[in-house]
Amino acid sequence: MENAYAPISEACVKALSDKTYDKRKIAATEIEKMVADFNVKKNYGQIRRIIEVLSKDFVTSNDSNKKKGGLIALAATSIALGRDTERFIEEIVNPILNCLMDTDTRVRYFASESLFNVVKVSRGSIIPLFPSLFTSLSRLVTDPDHSVKNGSELLDRQLKDIVIESSSSFDLDSFIPLVRERIMAKNSFARQFIISWISVLNAVPEINMVVYLPEILLGLFQMLEDNMPEIQRMCESLLTQLLKTIKADPTVVDIPQMMNVLIVQAQSSNALIQFTAICWIKEFVQLAKGDIIGFSSGIFTAILPCLAFESESKKHIKDCATEVNIHLLELVSGDEKQEILKNLDLDSVMEVLRQYLIHSSVPTKIAVLKWVHHLFTEVHDEMSSHANNLFPVLLRDCLSDSSDDVVLQAIVVLAEIVNSATAKGSNFDQMQYKHFLMELLTLFSENRMFLENRGTLIIRQLCRLLNAEYIYRTFAEILQEEKTNLKFASTMVRTLNMILLTTSDLFELRNMLRDIKTEKAASLFECLYRCWSHCAVSTLSLCLLAQCYQHVSEIVVLFADMEITVDFLVEIDKLVQLIESPIFASLRLVLVSHANDNADAQHLSRALYGILMLIPQTEAFNLLRNRLQCVPNYWGQPAKINSKSSNESQSKINFMKLFEHFQHVQAMHHRQRLEQRKKNQF
């Protein structure tokens with residue numbers, strides 16, 4: 001009967017199927033000699049027949065011993081062929097690859113060993129089969145059997161060496177889909193396998209891996225959270241090398257294409273992933289510039305929360321996020337800012353910034369407020385549509401913040417919004433001022449503690465940033481119309497008056513009010529007076545500041561018929577203290593002045609003596625009395641003072657009308673106090 005396995009002898013077939021390794025090895029050696037002989041004679045038909053027998057009758061057999069024998073024999077065939085393995089590469093390799101998935105551990109081990117020998121011999125000719133080899137190898141590295149895994153590592157190193165040797169013919173386009181399919185693997189060994197391959201190829205000068213980075217970046221970042229420190233270190237090192245390559249030549253990769261991945265990863269709960277992503281964003285902002293500005297809203301979403309990190313373990317993340325914020329700000333502040341800002345999606349950016357003004361940390365809020373201010377400065381026309389949405393947040397949340405820094409920065413933004421809205425107007429027709437200050441007064445009236453704790457700070461800062469005259473005039477116009485909440489109006493006037501009299505920022509405004517002979521000063525004085533009438537002592541101090549000493553003496557006389565409350569006495573006490581301050585140095589000098597035929601000096605003296613008679617004999621009484629005792633009486637005591645020489649008589653102000661208004665407002669306050677007492681009785 002003819003031998004079915006020819007040209008392999010029956011004895012060789014029997015030995016190749018034996019359960020002992022040594023007999024199978026001897027049979028494989030016999031086949032190796034046979035193939036070598038056929039190859040010398042170029043009898044390729046017989047060689048192909050031997051490979052066919054080994055594949056169909058041995059490697060695909062259900063008998064594991066036959067499989068092992070066939071695998072050894074195929075490796076021997078390749079060894080015999082040497083470089084000529086290329087002629088039969090697919091016929092030899094494919095059967096071996098199938099055995100790599102065998103259920104028998106030993107078969108898988110022999111398959112990996114066989115494939116190693118074939119690859120070692122065939123070298124570059126194996127490259128066309130690389131996708132199949134890579135796929136099989138990626139499964140093999142996760143094999144539960146230790147010996148199989150070790151065998152796969154040897155094969156892996158061998159295959160990498162060959163790819164490096166054949167880099168010029170290596171098809172990177174076919175490799176990337178293989179990586180993309182496996183890069184999201186959770187198995188640590190599978191991850192290690194993928195990282196090592198990308199690292200090896202990235203190190204080859206002829207291969208440009210970063211071109212394909214957008215397709216695999218997400219997977220690389222996910223690997224940073226692996227439980228094995230070694231995997232983390234490998235991935236960190238690879239990402240560092242890839243970023244270094246990009247920095248050397250930013251044109252080799254589509255940076256914007258990777259930004260969404262980085263933005264999402266920068267919000268990861270894993271500190272290493274978050275830090276690495278933010279570092280990449282920082283570099284990309286500097287490299288891509290205008291191309292990155294379109295991702296600003298996403299970048300803000302990623303970095304703004306990081307500015308709140310306080311722990312030492314996250315300080316590096318906070319510092320990096322701070323750098324990103326600074327670089328972005330520089331980007332929209334540089335010479336090319338107008339061109340760059342065209343790519344800015346202002347609506348999405350403002351939506352994110354507005355959200356972070358609420359319920360976030362102090363550093364985050366301050367960063368947001370600086371951004372809002374900068375945008376109003378640079379693109380105020382485009383930002384005008386966002387002012388209405390920002391106002392409630394700035395007023396209700398930021399101005400009430402527990403941090404003074406947040407409050408001050410919020411006022412800077414509010415001032416810029418008001419300024420940008422009123423920049424076109426030259427006259428005092430400032431509706432934006434009025435709207436803003438009405439909202440602010442509403443806040444003060446709703447929360448008295450807010451007024452006490454932050455009122456002075458807010459108003460002073462507004463006067464620094466905006467036109468102080470406009471601020472005071474507008475406050476006065478609003479408050480003088482108050483008819484119901486008179487107590488609040490009085491409190492607010494006292495606050496404004498104290499700021500006016502004590503703050504260095506209002507030096508120019510005080511100087512203006514001291515010269516009411518000018519039309520502008522007279523107009524402002526009248527406006528303030530009508531409002532200041534809500535507080536009798538504040539009215540008195542305003543008139544002292546404006547050097548209306550005759551009118552002061554008339555008001556003091558009126559106090560005799562008014563109700564002297566505890567609040568009134570407290571305010572008088574403060575006024576006496578103020579008279580002794582540097583602000584009223586000029587007032588004290590009037591007491592010894594011969595100007596205006598001594599009219600101002602005598603009116604002032606009488607007014608101060610009147611105040612002295614009103615207050616109880618407290619420290620303030622002694623203070624004022626001591627001051628008045630220093631006043632010489634050298635101007636004499638004429639029967640009648642020449643009032644036409646007084647300061648107010650030289651202005652065009654109708655003081656009689658103002659006096660009537662003062663009496664009317666004080667009468668309203670008196671009636672409201674009486675009504676309140678009646679309510680309290682019941």
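Biologist: Which residues of helix α5 are buried?
Modeller: In helix α5 (residues 89–99), the buried residues are Ile89, Ile92, Val93, Pro95, Ile96, Leu97 and Cys99. Buried means under 20% relative accessible area, exposed means over 50%, and partly exposed is in between, with a 1.4 Å probe and protein chains only. Helices are DSSP runs of H or I with at least four residues, strands are E runs of at least two, and both are numbered from the N terminus.

Biologist: What do the buried residues of α5 pack against?
Modeller: They pack against α3 (44–59), α4 (64–81), α6 (105–122) and α7 (130–140). A contact here means heavy atoms within 4.5 Å.

Biologist: Before we continue, what kind of model is this?
Modeller: This is a predicted model, in which local features need a pLDDT of at least 70 and side-chain atom pairs count only at pLDDT 80 or more, while totals for chains, interfaces and linings use all residues. Residues are numbered from 1 along each chain as its sequence is written, and side-chain values use heavy atoms, with hydrogens and water left out.

Biologist: What pLDDT does the chain average?
Modeller: The average is 88, and 95% of the residues score at least 70. Over residues 425–429, however, the pLDDT is below 50, and this stretch has seven contacts in the model beyond near neighbours in sequence. The pLDDT is the predictor's confidence in each residue, from 0 to 100. Where pLDDT is low, the predicted coordinates should not be read in detail.

Biologist: Which residues of the largest nonpolar core touch the most other members?
Modeller: They are Trp280, Ile299, Tyr472 and Phe525, in a core of 244 residues. Such a core is a set of buried Ala, Val, Leu, Ile, Met, Phe, Trp, Tyr and Cys residues joined through side-chain atoms within 4.5 Å. Helix α14 (residues 271–288) supplies the largest share of this core, 10 residues.

Biologist: And why does the core lie between domain 1 and domain 2?
Modeller: Domain 1 (1–170) and domain 2 (520–680) both contribute residues to the core, so it lies between them. The C-alpha centres of the two domains are 112 Å apart. The domain bounds come from an automatic or database domain assignment.

Biologist: What does isoleucine 299 touch?
Modeller: Not counting residues up to four places away in sequence, isoleucine 299 touches Met259, Ile263, Ile281, Val285, Ile292, Val324 and Leu328.

Biologist: Why is helix α11 described as largely enclosed?
Modeller: Nine of the 11 residues of helix α11 (residues 213–223) are buried, so the rest of the structure largely encloses this helix. Among those buried residues are Leu213, Pro214, Phe221 and Met223. The buried residues of α11 pack against α9, α10 (188–202), α12 (229–248), α13 (255–265) and α14.

Biologist: Changing topic, what volume does the largest pocket have?
Modeller: The volume is about 610 Å³. Of the 27 lining residues, Ser490, Thr565, Gln666, His669 and Arg673 lie nearest the centre of the pocket. Two or more lining residues come from each of α26 (486–502), α29 (536–545), α31 (566–579) and α35 (655–681). α35 gives the most to this lining, with 10 residues. On a 1 Å grid over the protein atoms alone, a pocket is an open set of points with protein on both sides within 12 Å along at least five of seven lines, a cavity is a set where a 1.4 Å probe fits but cannot get out, and lining residues have an atom within 4 Å of a point. Grid points are joined across faces, edges and corners, and a volume is the space filled by probe spheres set on the points.

Biologist: How many cavities of 30 Å³ or more does the structure hold?
Modeller: The structure holds one. About 70 Å³ of space lies in the largest cavity, and α31 gives the most to its lining, with four residues. The lining residues include Asn497, Val537, Glu571 and Leu578.

Biologist: Which peptide bond is cis, with omega near 10 degrees?
Modeller: The bond from alanine 6 to proline 7 is cis, and proline 7 lies in the segment before α1 (10–16). Most residues other than glycine have a negative phi, and most peptide bonds are trans. Arginine 123, which is not a glycine, has a positive phi of about 50 degrees.

Biologist: Is arginine 123 buried or exposed?
Modeller: Arginine 123 counts as buried because its relative accessibility is 15%. Its place is in the loop between α6 and α7. Glutamine 547, in the loop between α29 and α30 (549–559), also is not a glycine and has a positive phi of about 60 degrees.
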